[in-house]
Amino acid sequence: MTATTATLQTLHVDDVHHVVPTVQGDLTLLHGASFTIAAGETAAIMGRSGSGKTTLLSIVGLMLRATRGEVVIAGQPTSRLSDAERARLRNQTLGFVFQGYSLVPHLTAAENVALPLSYGPAVSSAERRAAAQLLEMVGLGHAARRYPRHLSGGEQQRVAIARALVRSPGLLLADEPTGALDVATGEAVLDLLLDVARARGTSVLVVTHDEAVAARTGRRLLIVEGRLSEDQAACAP
Amino acid sequence: MRALTRTCASVLQDLRAQPLRAIVTVVAMLVGVLAVVAVTVAGAVTEGLVIAKSEQEVARETTYSVDLTARGGNSDADAFWDALSARIPTDHVGLAMLESRTIWPEPAAGLDAGTPVTVWVVQGDYRAIRRLPLLDGAWPNAGTSRPPVAAANLAAARLLDDSFTFRERTQGVLAVTGTVADGEPAPNLYIDWDVAHLMFPSPVQRESIRVLVRVDHADPTPVRRAAEAAATSTGWTVQAVERHDQIAGIRDELQLVRTAFLICGGIALLVAALGIVNIGLSTIGQRSRELSIRRAVGARRLDLLLLVLGNALAQAVLAAGAAVAIAWVAVAVVVPRAVPPESALDAPTLPWTTVAVALLAAGSTAVIGSLLPAIRAARIDIAAVLRD
Ligand SMILES: Nc1ncnc2c1ncn2[C@@H]1O[C@H](COP(=O)(O)OP(=O)(O)OP(=O)(O)O)[C@@H](O)[C@H]1O
Ligand SMILES: [Mg+2]
């Protein structure tokens, strides 16, 4: 982990704190998280329920503003960006896979995959074709015109993976992507996610409870009550 | 431009999201828009009909009557007419001098003896003053044909043969060459001033005459000046120059009624808008997850605002289209049946402003009704997508 030149960094998180007001007073959810993800790297964030994993991922995914600290994505500091600029970064450089039910119910599988193309810069016809090919790549070319309610949970997650990749982002963020699936389906979906990401050189940051999931990533980060640390023990070469 | 096509595309996709709600919203808008459209169309059509009727029975807009009395014993109406014609403002649109006589057609024509018929002796272009549509035949001209010709109104046409004998002080023959709709129930005949001497060989000494002048503005001063100048040189005295037509009063009255109806229409629109706010807010509530997904994959706040507003505007266009269609059917099918055919009034057409009114009413309802939901959509919490 010595190659940390800006161009190779897909993500750099620097001393991120997050504090929320509650009726009992301010509650600190994150206490100065710092880490870097290099281009093409895959990493898992592990931790017990309520430890702050989703909060951290929301901040990294530019869906939530940290109360302090900086998130640098593709070399660009994001804490001072406007809503529209953050939306553009989410659209262009980030891809998201959520736990479940993340497809728009009244759009077909193909329309869901193409959803990010309706925002951000103009789309070439080549990109449109690539969107169709992505659905083939996740093994759902035959289901392009089906609505989410006619897809199984595993199929829905595969559509979500295709959607996450449609703008060819540098970093894929996933929060419990297999959490709603049975073990075998979950494994298949995770294999797919990591395989396509590796094939395209996309970095992956995946939040998980699951040791088996974490074992497949190149690196583990552990979060305990809002404090993030590199999980050295598990980081066997 | 791209933003527009994109918004249109996602609006079309969006109608799929909740088709039933979309229909309910369109119907709610339609009710409100229809109320406003009905008021405008009914107002315009009624105004058209009532004004046409008044133009037929009295005079067209901005017509002035000039009443004159003879100063000496030998005042000559024709001399006054010639003098006035030369002096009348060049912007006048109609000028006529009228005199009425009564005749008694012979019983041979199938009448009760002694049914009087009024003969209007007309100098100038009377039909530029009154709306007197010809139902058939021709308006009598100044030709010297014998017997002299007349146009009959409907009541007279029903009474008289095409050619008949009448008694005045002497006896004569008159040919009816046209039927004119003048809106009056009593029998009337119209003949040209210059043929009157063929019909009435001994003209009466005139003590007063009336001239009607129609101008294209509401200022009687030029008319008064011309009349006074013409009168002075020809032995007449101008008694009065007065507004003759009743159009302005009719407009005022109709405006009052229309304002009252428009307020009712506006209330209907407001109720529709409140209904749309209600439907819109609950829709946003149900679609919050979808909206945060859209935000996560790159939608700006503005994109969601436009999505919700665009949706409402698309529904507004549907509602406005339906309202115009219904109004068109009403005007094309229903109204002509209400216009008596013998009135010979043109069947009213749908005023083009209806389309503008419908679009404006529907559009403003849509914007008012969907602004709050749109703002709520734009403020949706993105991170909520991760917490379900
Ligand atoms: N806006 C907020 N206000 C108050 N508390 C919050 C807020 N957001 C999160 N929390 C709390 O912060 C803690 C961390 O939440 P977070 O969702 O990040 O946990 P997590 O590690 O993802 O848990 P899980 O594995 O169950 O998904 C939780 O106790 C949660 O209740
Ligand atoms: Mg979580």
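## Polar contacts of ligand 1

The side chain of A:T54 places an N or O atom 2.6 Å from an oxygen atom of ligand 1. For A:T55, a side-chain N or O atom is likewise 2.6 Å from an oxygen atom of the ligand, and a polar side-chain atom of A:K53 lies 2.7 Å from a ligand oxygen. A polar contact here is a pair of N or O atoms within 3.5 Å; within protein, one must be able to donate a hydrogen and the other to accept it, and residues adjacent in sequence count only if both atoms are side-chain atoms.

## Basis of the model

This is a predicted model, in which local features need pLDDT of at least 70 and side-chain atom pairs count only at pLDDT 80 or more, while totals for chains, interfaces and linings use all residues. Residues are numbered from 1 along each chain as its sequence is written, chains are lettered from A and ligands numbered from 1 in the order in which they are written, and side-chain values use heavy atoms, with hydrogens and water left out.

## Surroundings of ligand 1

Ligand 1 lies between chains A and B. The residues around the ligand (a heavy atom within 4 Å) include A:V20, A:L29, A:R48, A:H209 and B:R387. By class, the shell divides into 2 nonpolar, 7 polar and 3 charged residues, with Gly counted as polar and Asp, Glu, Lys and Arg as charged; Ala, Val, Leu, Ile, Met, Phe, Trp, Tyr, Cys and Pro are nonpolar, and the others polar.

## Domains of chain B

Chain B comprises domain 1 (2-57 + 248-387) and domain 2 (63-245), with bounds from an automatic or database domain assignment. The C-alpha centres of these two domains of chain B lie 52 Å apart.
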